[in-house]
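Dear colleague,

Please find below the structure that I am handing over to you. My notes on it follow directly after it.

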Amino acid sequence: MCGIIGYSGYRACLHVLLEGLEKLEYRGYDSAGVAVLAAEGIQARKAQGRLSALEKLLETSPLPAADCGIGHTRWATHGAPSDRNSHPHCTPHLAVVHNGIVENYAALRTELKRQGVEFITETDTEVLAQLLESCYQRTGEPLAALQAMAARVEGSYGLAVLFCDRPGQVYLARRHSPLIVGYGEKECFVASDIPALLPYTKEYAVLDEEEMALLDHGRVEVYDPQGRPVEKEHLTAQLPAQAADKGSWPHFMLKEIFEQPQVLQDTLSTYVADDLPNLAPALPDKLLQNLGTVHLVGCGTAMHACMVGKTAIESLARVPAQVEVASEFRYRDPILLPGDLVVTVSQSGETSDTLAALQLAKERGIPTLAIVNVPGSSLARAADMVLYTQAGPEIAVASTKAYSVQLAVLYLIAIRMAWARKALPDARCRQLTRALCAIPAMQQPLLGKAEEMKMAAQALQNASDLFFVGRGMDYSLSLEGSLKLKEISYIHSEAYAAGELKHGTISLVTDGTPIVALATQSAVYEKTLSNVKEARARGARVLLLCSQNAPVPDALADEVVRLPQCEELLTPLLTILPLQLLAYYASVLRGCDVDRPRNLAKSVTVE
């Protein structure tokens with residue numbers, strides 16, 4: 001969600017801050033702001049809207065030169081998007097930028113009001129800033145003030161703070177909201193994500209829970225909650241600076257759709273040896289051999305990947321699997337038994353609900369596995385075991401390539417589990433692994449259907465409602481296809497198990513209603529066609545996705561997209577590409593902001 005950047009060094013900091021905020025735009029935001037600590041004291045500028053609005057404001061109201069500052073992109077939680085509610089929030093002695101949510105802000109606000117504090121915004125962050133101001137006036141020392149503040153705050157925060165009487169210094173604090181520090185020569189940085197640092201450094205460290213830090217012209221000091229110095233492991237980002245640039249592509253989303261064959265190949269190459277998945281030592285065979293129930297936990301796209309993973313695990317390994325929505329799992333008192341495994345899936349590794357689900361599993365003594373794209377992320381560090389996907393940076397808010405590599409890792413787990421438990425013959429496991437490794441080459445021809453999908457999207461351009469239908473794994477793909485379309489084109493879209501259409505929903509199908517029908521599973525192919533015929537009889541306009549050799553009756557569909565023949569269990573890795581392209585072109589044709597759709601954030605770090 002919100003993005004943080006901070007700098008202390010020898011450069012003019014404003015350029016660093018603005019460049020960092022630009023690299024964080026993908027996270028989703030509705031306002032932006034910066035503050036610098038100059039000889040004249042702390043000065044801030046902030047504006048509702050895109051970063052360009054802030055840059056325009058800085059042209060007419062420039063900031064003084066400074067070598068120390070903080071910046072922020074805000075995704076509104078408390079208080080509507082506005083100039084006033086934007087960060088940084090300033091008090092007489094400090095300026096604060098904040099990611100997270102202060103859960104007890106109402107009680108703290110009431111208490112501070114009784115002490116004479118006047119509030120000018122509706123935000124929880126202003127409450128946090130005023131509380132920190134009160135603590136600083138009492139302690140006179142930044143770290144002591146941050147400790148006193150932390151003792152009063154319930155909720156999450158990633159903070160970067162300027163104190164007016166601490167020139168050149170940026171103070172940090174972290175609880176449940178990611179912060180990383182970057183190391184340069186006579187300069188140092190803080191950011192909420194690595195891409196903001198890449199133009200200047202690849203050397204970084206991750207702040208752990210409740211840690212605080214000081215940045216001062218290349219000097220980085222990290223402290224534990226008691227204020228004791230902490231030695232941090234220095235990590236090296238493996239991404240080139242240009243990895244987060246879209247180059248000549250019109251949008252990051254299209255670039256990332258076309259990157260899928262390569263990142264899928266990279267992921268498979270990491271975990272396949274001698275025609276078998278090789279997941280040790282991260283996921284040992286001994287654990288797989290003695291599993292009870294596998295709980296697959298995720299949000300949004302990751303949860304849809306889990307639905308396919310459930311089918312693969314149950315059909316290949318004959319192990320019961322449950323798909324859990326992370327935001328529900330943590331509150332429903334789930335039944336977790338000895339021998340179970342909780343698998344959490346997240347692109348960023350910072351998804352708040354997924355982290356909470358993992359923590360619940362750990363509290364119950366259940367082994368946890370994270371499938372995650374970002375080394376050093378909170379989820380990766382908290383889980384007992386980690387399998388990294390190899391998607392590289394995913395910048396577009398709508399996830400595409402991360403979904404494909406999540407599917408790949410879940411397939412590998414299912415095959416290895418079947419092999420370890422002898423649920424399938426060795427030869428069949430190797431055959432499935434080879435078939436999986438052949439998928440990247442099969443994806444390439446589907447990307448060549450981009451123009452075909454653009455034409456199909458033209459038929460949806462003016463639609464107000466849309467339905468995706470399918471059975472089995474096609475239903476799982478329908479959910480993901482529907483999500484992709486609605487989140488970036490703003491067309492109202494719903495996904496249904498095809499057999500459920502006649503149990504109420506078909507009443508909404510009238511002449512011209514668009515239906516995207518997925519029919520790639522031979523066992524239910526005729527049943528799916530029957531459901532499509534029912535919708536067609538009521539005037540639906542049908543786009544059908546099916547396998548290359550599937551018979552399609554005349555007049556069943558207005559457009560048919562044929563998929564290459566492959567192992568049926570693996571077809572989601574092919575089906576998803578046309579669905580992503582359909583959503584992309586529908587968004588472009590409707591003039592939407594493809595990479596940064598309204599109201600959405602890339603990394604959902606608040607509940």
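Val181 stands opposite Val190 in strand 10. The two strands concerned, strand 9 (residues 180-183) and strand 10 (residues 188-191), run antiparallel and are joined by four bridges. Strands and helices here are DSSP runs numbered from the N terminus, with at least two residues (E) for a strand and at least four (H or I) for a helix; two strands pair if DSSP finds at least two bridges between them.

Please note that this is a predicted model, in which local features need pLDDT of at least 70 and side-chain atom pairs count only at pLDDT 80 or more, while totals for chains, interfaces and linings use all residues. Residues are numbered from 1 along each chain as its sequence is written, and side-chain values use heavy atoms, with hydrogens and water left out.

Eight strands form an open sheet with antiparallel pairing, in the order 3-2-4-1-10-9-11-15. Its edges are strand 3 (41-48) and strand 15 (235-236), each of which pairs on one side only.

Strand 12 (residues 212-216) has five of its five residues buried, so it is largely enclosed by the rest of the structure; buried means under 20% relative accessible area with a 1.4 Å probe, protein chains only. Met212, Leu214 and Asp216 lie on one side of this strand, and Ala213 and Leu215 on the other. In a regular strand the side chains alternate between the two faces of the sheet. Strand 12 pairs in the antiparallel sense with strand 8 (residues 169-175) over five bridges, and Leu214 is the bridge partner of Tyr171. Strand 12 also pairs with strand 13 (residues 219-223), again antiparallel and over five bridges, with Arg219 as the partner of Asp216. Strands 12 and 13 form a hairpin with two residues between them, and His217 in the turn has a positive phi of about 50°.

Ala498 is placed in the loop between strand 24 (492-497) and strand 25 (514-519). This residue is buried, with a relative accessible area of 1%. Leaving aside residues up to four places away in sequence, Ala498 touches Val469, Gly470, Arg471, Thr528 and Asn531; contact means heavy atoms within 4.5 Å. The C-alpha atoms of Ala498 and Leu544 are separated by 13 Å, and the two residues are 46 residues apart along the chain.

Yours sincerely

Notes: Buried < 20%, exposed > 50% of the residue type's maximum accessible area, 1.4 Å probe, protein only.
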